[in-house]
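Reader: I have a model open and want to go through it with you. Can we start with the strands and then move to the ligand?

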Amino acid sequence: MKIIMLGAPGAGKGTQAKMIAEKYSIPHISTGDIFRANIKEGTELGKKAKTYMDKGELVPDELVVDLVVDRVAKDDAKNGYVLDGFPRTIPQAEALDKALEAIGEKVDYAIDVDVPDENIIKRMSGRRACVECGGTYHIEHIPPKKEGICDKCGGGLILRDDDKPDTVKNRLSVYHEQTQPLIEYYSKKGILKTVDGTAEMMEVFASIIKILG
Ligand code: AP5
């Protein structure tokens, strides 16, 4: 099962993608997490990506596409995967389709987690991310058991640099301009499924499970 998660920044793509990956035993591939891991390790890719991410802009397609195409070709992705944060532009979607076509495969589902802009800024300022494992929490909606500490690995929880309100506003406008056209792209292919992302986390997950079966 090959799944793409669509939705505005902070819509809950990562939260749902992690649960999908666990339920169906497929890898969760998040380009945002890959970049953040590279930034933490101080790699060249990380240094380049950081200059765009800090402003709320997209990392150029040429730095993302090969990375994902190589990742989905790995052994653990043979039975499928859930892509979170990729594709984010029409050229990225076309590059993915082309790479999959070449091996006789295709994307099965594009799931749009729909949340209006007004809800997003509030969600982002309350998000806390684990510096160690990337686990995400929300100080009001999905709090950790112990304040500031990740339930899963005991790592410290921080507010992401790009979750400050001004950067979030820019990420939202970049989303509407460059990523939202993917909704029509996958709708035309007949694989778009939309879920109401404003519902409680487990309700959103239940709607997704209904779709995936
Ligand atoms: P990335 O990490 O992909 O960020 P994003 O798409 O902006 O998405 P987020 O991770 O911010 O949000 P999410 O939808 O996963 O929400 P979450 O589940 O955490 O990318 C970061 C940057 O990297 C980009 O800006 C770009 O620069 C670069 N990049 C990455 N991929 C790229 C690509 N392909 N091309 C170019 N550049 C790329 O949830 C948000 C909050 O809400 C959390 O606190 C969560 O606990 C809470 N929450 C979740 N669900 C619910 C619910 N149902 N009710 C209440 N609260 C909820």
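**Strands, then ligand**

Author: In S7, Leu-157 is the bridge partner of Cys-130. Keep in mind that this is a predicted model.

Reader: Which residue stands opposite Ala-129 in S7?

Author: Ile-158 in S7 stands opposite Ala-129. S5 and S7, the latter covering residues 157–158, pair in the antiparallel sense over two bridges.

Reader: What does S5 do with S6?

Author: S5 (residues 127–130) and S6 (residues 136–138) pair in the antiparallel sense, over three bridges. Arg-128 has Tyr-137 in S6 opposite it.

Reader: How many residues lie between S5 and S6 in the hairpin?

Author: Five residues lie between them, and Gly-134 in the turn has a positive phi of about 80 degrees.

Reader: In what order do the three strands sit in the sheet?

Author: The order is S6-S5-S7, in an open sheet with antiparallel pairing.

Reader: Which strands does H6 touch?

Author: H6 packs on the sheet and touches S5 and S6, and its direction makes about 45 degrees with that of S5.

Reader: Now the ligand. Which residues come nearest?

Author: Of the 37 residues around the ligand, the nearest are Thr-15, Glu-57, Arg-88, Arg-127 and Arg-171.

Reader: What is the distance from an oxygen atom of the ligand to the side chain of Arg-127?

Author: An N or O atom in the Arg-127 side chain is 2.5 Å from an oxygen atom of the ligand. For Lys-13, a polar side-chain atom lies 2.9 Å from an oxygen atom of the ligand.

Reader: And Met-201: which part of the residue is involved, backbone or side chain?

Author: The backbone: one of its N or O atoms lies 3.3 Å from a nitrogen atom of the ligand. As for cover, the ligand on its own has 1000 Å² of accessible area, and the protein covers 96% of that.

Reader: Which elements supply at least two residues of the shell?

Author: Helices H1 (13–24), H2 (31–41), H6 (117–126) and H9 (201–212) each do, and so does strand S6. H2 gives the largest share, four residues.

Reader: What is the make-up of the shell by class?

Author: The shell has 15 nonpolar residues, twelve polar and ten charged.

Technical notes
Residues numbered from 1 in each chain as written. Predicted model: local features only at pLDDT ≥ 70, side-chain atom pairs only at ≥ 80, totals over all residues. Heavy atoms only, no water. Pairing = 2+ DSSP bridges. Near = heavy atom within 4 Å. Polar contact = N/O pair within 3.5 Å; in protein donor to acceptor, adjacent residues only side chain to side chain. Areas by Shrake-Rupley, 256 points an atom, 1.4 Å probe, with all protein chains shown as cover. Nonpolar A, V, L, I, M, F, W, Y, C, P; charged D, E, K, R; others polar. Contact = heavy atoms within 4.5 Å. Axes fitted to C-alpha atoms, helices over the stretch in contact; angles between N-to-C directions.
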